[in-house]
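Hi everyone, thanks for coming. Please have a look at the sequence and the model on the screen, and then I'll walk you through them.

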Amino acid sequence: MEGRRSDQYKAQSPGAVEEILDRENKRMADSLASKVTRLKSDTDFTSVTGLLTGSVKRFSTMARSGRDNRKLLCGMAVGLIVVFFILSYLLSRPRT
């Protein structure tokens with residue numbers, strides 16, 4: 001197969017061979033770029049999962065502890081809900 005391929009390149013002009021190689025190189029570079037992008041998104045997802053897991057563990061520990069922490073926890077929950085609705089309102093209203 002290699003011999004056939006080199007015979008094919010010998011029959012063509014040097015400019016045509018260079019163009020073929022250039023197209024193949026660009027195709028392979030695009031393929032590599034898409035694989036790198038996929039790997040980066042997987043890494044981002046893994047770090048977010050770790051962050052959420054740690055937050056849930058801290059939240060659970062705080063919820064299981066005494067009454068004072070429960071009051072603080074309820075206050076934080078209410079505050080986060082209010083912030084969520086304010087942000088969703090600000091982001092959903094039409095831009096002027």
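I'll start with confidence, then turn to salt bridges and finish with a surface patch.

This is a predicted model, where local features need pLDDT of at least 70, side-chain atom pairs count only at pLDDT 80 or more, and totals for chains, interfaces and linings use all residues. Residues are numbered from 1 along each chain as its sequence is written, and side-chain values use heavy atoms, leaving out hydrogens and water.

pLDDT is the predictor's confidence in each residue, from 0 to 100. The chain has a mean of 79, with 85% of its residues at 70 or more. Helices here are DSSP runs of H or I, at least four residues, numbered from the N terminus.

R23 pairs with E19 at 3.6 Å, N to O; they sit 4 residues apart in helix α2 (residues 14-64), about one helical turn. K26 pairs with D22, also at 3.6 Å, and these two lie 4 residues apart in α2 as well.

Last, V78, V82, V83, I86, L87, Y89, L90 and L91 make a nonpolar surface patch of about 780 Å² accessible area together. Patch residues have over 30% relative accessible area and no salt bridge; like charges are joined within 9 Å, nonpolar side chains (Val, Leu, Ile, Met, Phe, Trp, Tyr) within 5 Å. Areas use the Shrake-Rupley method with a 1.4 Å probe, and for residues only the protein chains shown count as cover. I86 belongs to helix α3 (residues 67-92).

Technical notes:
A salt bridge is a side-chain nitrogen of Lys or Arg within 4 Å of a carboxyl oxygen of Asp or Glu.
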